[in-house]
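This briefing sets out the strand pairing, helix packing, salt bridges and nonpolar cores of one model. The sequence and structure are shown first, and the points that follow are grouped by topic.

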Amino acid sequence: MLKEYLSSCHLFIFQGLVQDDGSFGFPTPEPGRLPEFPEGLITSEIRLKPERQEEQIEDAFRKAFDAGKRKVGGLFSIPNGLETKHLEEAFLSLRILDVCIGPDQQGGIYFLGMNAFATEHFPNEWQEARVAKLHIRRLGDHKKILYRLPAL
């Protein structure tokens, strides 16, 4: 049953999210650090270009929803401790909730998922050191129902 549900979902692995000063805000996943993905989940990797990263992220989500995916998520880093169960938990939360966010220990976001495309589901402040906290507050202002994964 979970495998069937996950086959209608899509997970993007975004590599190279860069801050305005040129430093990596979120590390590019290293080979071998990716967790085992849940069975049935569709995945694809996207290499972000610094000058278009926000646009590329939104375009990827939009295209996945346009292609008929029911739930779409993105991994922006692979923190220590990320396991298959966290990804399953994230996509299962999206069955009934609007957005799922996985904050990292530095205040960034390692996972962002949603059950419908809406521009307010995306952070305006990707380059902020406290992007997770700011975005959670913004989602609340928009009356979105949020599930928060453990901070890793």
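Helices (H or I, at least four residues) and strands (E, at least two) are DSSP runs, numbered from the N terminus. The model is predicted: local features need pLDDT of at least 70, side-chain atom pairs count only at pLDDT 80 or more, and totals for chains, interfaces and linings use all residues. Residues are numbered from 1 along each chain as its sequence is written, and side-chain values use heavy atoms, with hydrogens and water left out.

- Strand 4 (residues 99–103) has 5 of its 5 residues buried (under 20% relative accessible area, with exposed meaning over 50% and partly exposed in between; 1.4 Å probe, protein chains only). Strand 4 is therefore largely enclosed by the rest of the structure.
- In a regular strand the side chains alternate between the two faces of the sheet.
- Val99, Ile101 and Pro103 point one way from strand 4, Cys100 and Gly102 point the other way, and all are buried.
- Two strands count as paired if DSSP finds at least two bridges between them. Strand 4 runs antiparallel to strand 5 (residues 109–114), and 5 bridges join them.
- Within this pairing, Ile101 has Leu112 of strand 5 as its bridge partner.
- Strands 4 and 5 form a hairpin with 5 residues between them, and Gly107 in the turn has a positive phi of about 100°.
- Strand 4 also pairs with strand 6 (residues 146–148), in the parallel sense and over 3 bridges. Opposite Val99 stands Leu146 of strand 6.

**Helix 4**

- Val131, Ala132, Leu134, His135, Arg138 and Leu139 are the buried residues of helix 4. Seen down the helix axis, these residues fall within an arc of 165° (taken from the directions from the axis to the C-beta atoms), so they line one face of the helix.
- Lys143, which follows helix 4, has a positive phi near 60°.

**His86**

- His86 belongs to helix 3 (residues 84–93) and is buried, with a relative accessible area of 7%.
- A polar atom of the His86 side chain lies 2.9 Å from the backbone nitrogen of Glu83.
- Leaving aside residues up to four places away in sequence, His86 touches Gly81, Leu149, Pro150 and Leu152.

**Salt bridges**

- The structure holds 6 salt bridges (a side-chain nitrogen of Lys or Arg within 4 Å of a carboxyl oxygen of Asp or Glu).
- One of them joins the side chains of Lys3 and Glu39 at 3.1 Å, N to O. Lys3 lies in helix 1 (residues 2–6) and Glu39 in the loop between strand 1 (9–15) and strand 2 (42–47), so the pair ties together parts that are 36 residues apart in sequence. Lys3 is partly exposed at 48% relative accessible area, whereas Glu39 is exposed at 57%.
- Lys144 and Glu120 form a salt bridge whose closest N and O atoms are 3.4 Å apart. Because Lys144 lies in the loop between helix 4 (131–141) and strand 6, and Glu120 in the loop between strand 5 and helix 4, this pair ties together parts that are 24 residues apart in sequence. Lys144 counts as partly exposed, at 24% relative accessibility.
- Between Asp59 and Arg62, the closest N and O atoms of the salt bridge are 2.9 Å apart. These two residues are 3 residues apart in helix 2 (residues 53–66), a separation of about one helical turn. Asp59 is partly exposed at 22% relative accessible area, and Arg62 is partly exposed at 32%.

**Nonpolar cores**

- A nonpolar core is a set of buried Ala, Val, Leu, Ile, Met, Phe, Trp, Tyr and Cys residues joined through side-chain atoms within 4.5 Å.
- The largest core has 21 residues, and those with the most contacts inside it are Phe12, Phe14, Ile57, Phe61, Phe76, Ile109 and Leu112.
- Strand 1, helix 2, strand 4, strand 5 and helix 4 each supply at least two residues of this core, and helix 2 gives the largest share, 5 residues.
- A second, separate core of 18 residues includes Leu11, Leu87, Phe91 and Cys100.

How values were computed:
Polar contact = N/O pair within 3.5 Å; in protein donor to acceptor, adjacent residues only side chain to side chain. Contact = heavy atoms within 4.5 Å.
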